[in-house]
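Please open the structure in your viewer and keep the sequence beside it. This tour tells you what to select at each stop and what you will find there.

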Amino acid sequence: MKNTDLITLISLAKNKNQKAQTQLINLFWVDVFSFVMKKVQNDNVADELTVSVFSKVLAKLDLYDPNFQFKTWILTIAQNSVIDYWRKKSRENEDSTDNFDDFKNHFALSPEELLISAEDQKQIVTIIESLDSKYQDILRLRFFEEKSIKEIAEELNITVANTKVRIMRAKKVLSELLKTKEFED
């Protein structure tokens, strides 16, 4: 793709043109996924991180400086996401005994505290049920049934790229609704 065509595509994507956003994701998906996969050596983690990278890319398109290569900018975001992933992973390993304490303390929770967490879960499910049906299906398959992106694509009879975009958009919409809900309570 010519640089001028890419700049035009980026400009359209900045203006929330969904076709342009999808095209950008499709153009660079393999590069980002391959880069991330080399660093994490796990298909599912690489999928999740790649979706996260493109979510960040689309959210921060207005920060992109056209004097630099777009692919380099995206891979820098991917590199930072991988670094964050490994930092979080090492913290989880350090805190493994803390997690056991939390697990033990779960049994010490009062019935009221247990009820509150159950209410939070119901609220999240209610918010998910208020979403467009295609987002509901994507979230159910990915996070409740824990299916891979490829399995979801086959089940919904859509492309893998389209599946990735829908997951990213559904997560973004859900996140916004959850933030709004926090301020109302």
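**Before you start**

This is a predicted model, in which local features need pLDDT of at least 70 and side-chain atom pairs count only at pLDDT 80 or more, while totals for chains, interfaces and linings use all residues. Residues are numbered from 1 along each chain as its sequence is written, and side-chain values use heavy atoms, with hydrogens and water left out.

**Stop 1: the whole protein**

Read from the N terminus on, the order of elements is α-α-α-α-α-α-α-α-α. Of the 185 residues in the protein, 30% are buried, where buried means under 20% relative accessible area, exposed means over 50%, and partly exposed lies in between (1.4 Å probe, protein chains only). If you consider the contacts in the protein with a separation of 6 or more, residues 24 or more positions apart account for 56% of them, a contact being heavy atoms within 4.5 Å.

**Stop 2: helix 1 and helix 2**

Next, select residues 3-14, which form helix 1, together with residues 18-40, which form helix 2; the axes of these two helices come within 8 Å and cross at roughly 130°. Axes are lines fitted to C-alpha atoms, for helices over the stretch in contact, and angles run from 0 to 180 degrees between N-to-C directions. Helix 1 and helix 2 are therefore oblique to each other, since angles under 35 degrees count as roughly parallel, over 145 as roughly antiparallel, 65 to 115 as roughly perpendicular and the rest as oblique. The crossing of helix 1 with helix 2 is left-handed, a crossing being left-handed if the near helix is turned anticlockwise from the far one by less than a right angle, and right-handed if clockwise.

Now show the side chains of L6, L9, I10, L12 and A13 in helix 1, which meet A20, Q21, Q23, L24, L27 and F28 in helix 2. The residues of this contact comprise 9 nonpolar, 2 polar and no charged; Ala, Val, Leu, Ile, Met, Phe, Trp, Tyr, Cys and Pro count as nonpolar, Asp, Glu, Lys and Arg as charged, and the others, Gly among them, as polar.

**Stop 3: two loop residues**

Select K16, which is in the loop between helix 1 and helix 2. K16 has a positive phi of about 65° although it is not a glycine, and K16 is exposed, with a relative accessible area of 53%. Then move to Q41, in the loop between helix 2 and helix 3, where phi is again positive, at about 55°, although Q41 is not a glycine. Q41 is exposed, with a relative accessible area of 61%.

**Stop 4: salt bridges**

Side chains of opposite charge can pair when their charged atoms come close. How many salt bridges does a search of the whole structure find? The search finds 6, a salt bridge being a side-chain nitrogen of Lys or Arg within 4 Å of a carboxyl oxygen of Asp or Glu.

Select R142 and E48, whose side chains meet in a salt bridge at 2.4 Å, N to O. R142 lies in helix 7 (residues 133-144) and E48 in helix 3 (residues 43-59), so this pair ties together parts that are 94 residues apart in sequence. R142 counts as buried, at 9% relative accessibility, whereas E48 is partly exposed, at 28%.

Select D137 and R140 next; their closest N and O atoms are 3.7 Å apart in a salt bridge, and both residues lie in helix 7, 3 residues apart, about one turn of the helix.

**Stop 5: helix 7 and helix 8**

Finally, select helix 7 with helix 8 (residues 149-156), whose axes come within 10 Å and cross at roughly 140°. Helix 7 and helix 8 are therefore oblique to each other, and their crossing is right-handed. The contact is made by D137, I138, L141 and R142 of helix 7 and I149, I152, E155 and L156 of helix 8, and by class it has 5 nonpolar, no polar and 3 charged residues.

Definitions and conventions: Helix = DSSP H or I, 4+ residues; strand = E, 2+ residues; numbered from the N terminus.
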